[in-house]
Amino acid sequence: MDAPSRDRTLIGTSGLDLEAVKRPTREEAMEAVRTLIAWAGDDPRREGVIDTPKRVVDAYAEWFEGYQLDPAKELSRTFEDVQGYDDIVMLRDIEVESHCEHHMAPFLGKAYVAYMPTNRVVGISKLAKVVEIFSRRLQTQETMTQQIADAITDSLRPAGVAILIDAAHQCMTTRGVHHRHVSTITTQFTGVFKTDATLRQRFLDFVNKR
């Protein structure tokens, strides 16, 4: 669990001892699902849900595989031969499939990631992979936005980073206030994207370009 602990430190929760949490066995996780099925009012022995614990645990392994992956490793292979390129590198419309830490409900949307390289660039697929790693963990959208920016900054040391995430949260659309068709936008700007309003506007124009 080293990678999650390191990432949490970045957002100011270094006092939380994540190493103290013992990961349950697969059977213990399945038993927890059976408990929830019974708590919901159903019978976990019923034919229609008897295999549900296995399916849920398998789904959780996929949805939360980001805890087992290291974003710094994905960004470790860089290229210095950029032939003098010194402008924005940006990926648009990266799929975001995550779960909020408050209700463990999905939030789905798009991420827009840009950085201004200094003397090195990274393979563009690696930027999408970093978004995927952080999205496959429990956190708020605000935290995820910050984590992505921090990871790119720490690994590439660019002149600046710009992140925008636009997502719809099912903890708001399917429960509670039940407001559909509402999305949440979070942004993070560092370096030249924070200090140069014209550059920041170029990024936002690229986000909105259709």
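**A helix pair and its surroundings**

Helix H5, residues 124-135, packs against helix H6, residues 141-156, at an angle of about 140°, and their axes are 10 Å apart. Axes here are lines fitted to C-alpha atoms, for helices over the stretch in contact, and angles run from 0 to 180 degrees between N-to-C directions. H5 is therefore oblique to H6, given that angles under 35 degrees count as roughly parallel, over 145 as roughly antiparallel, 65 to 115 as roughly perpendicular and the rest as oblique. The crossing of H5 with H6 is right-handed; a crossing is left-handed if the near helix is turned anticlockwise from the far one by less than a right angle, and right-handed if clockwise. On the H5 side the contact (heavy atoms within 4.5 Å) is made by Leu127, Val130, Val131, Phe134 and Ser135, and on the H6 side by Met144, Gln147, Ile148, Ala151 and Ile152. These residues divide into eight nonpolar, two polar and no charged, where Ala, Val, Leu, Ile, Met, Phe, Trp, Tyr, Cys and Pro count as nonpolar, Asp, Glu, Lys and Arg as charged, and the others, Gly among them, as polar.

The model is predicted, so local features need pLDDT of at least 70 and side-chain atom pairs count only at pLDDT 80 or more, while totals for chains, interfaces and linings use all residues. Residues are numbered from 1 along each chain as its sequence is written, and side-chain values use heavy atoms, with hydrogens and water left out.

The protein has nine helices and six strands. Helices (H or I, at least four residues) and strands (E, at least two) are DSSP runs, numbered from the N terminus. The C-alpha atoms fill a box of roughly 65 × 40 × 30 Å along the principal axes. Of the 210 residues, 37% count as buried; buried means under 20% relative accessible area, exposed over 50%, and partly exposed in between (1.4 Å probe, protein chains only). Among contacts between residues at least 6 apart in sequence, 68% join residues at least 24 apart.

Val207 can be followed from helix H9, residues 197-208, where it is placed. With a relative accessible area of 6%, Val207 is buried. Not counting residues up to four places away in sequence, Val207 touches Met90, Arg92, Tyr112 and Leu164.

Which residues other than glycine have a positive phi? One of them is Asp93, with phi near 55°. Asp93 is found in strand S2, residues 89-99, and is partly exposed because its relative accessibility is 30%. Met104 is another non-glycine residue with a positive phi, of about 60°. Met104 is found in the loop between S2 and strand S3, residues 106-116, and its relative accessible area of 37% makes it partly exposed.

The structure holds zero disulfides, a disulfide being a pair of cysteine sulfur atoms within 2.5 Å. For Cys100 the nearest cysteine sulfur is that of Cys171, 4.0 Å away, and Cys100 is in no disulfide. Cys171 is likewise in no disulfide, with the sulfur of Cys100 as its nearest cysteine sulfur. Cys100 counts as buried because its relative accessibility is 6%, and Cys171 counts as buried at 15%.
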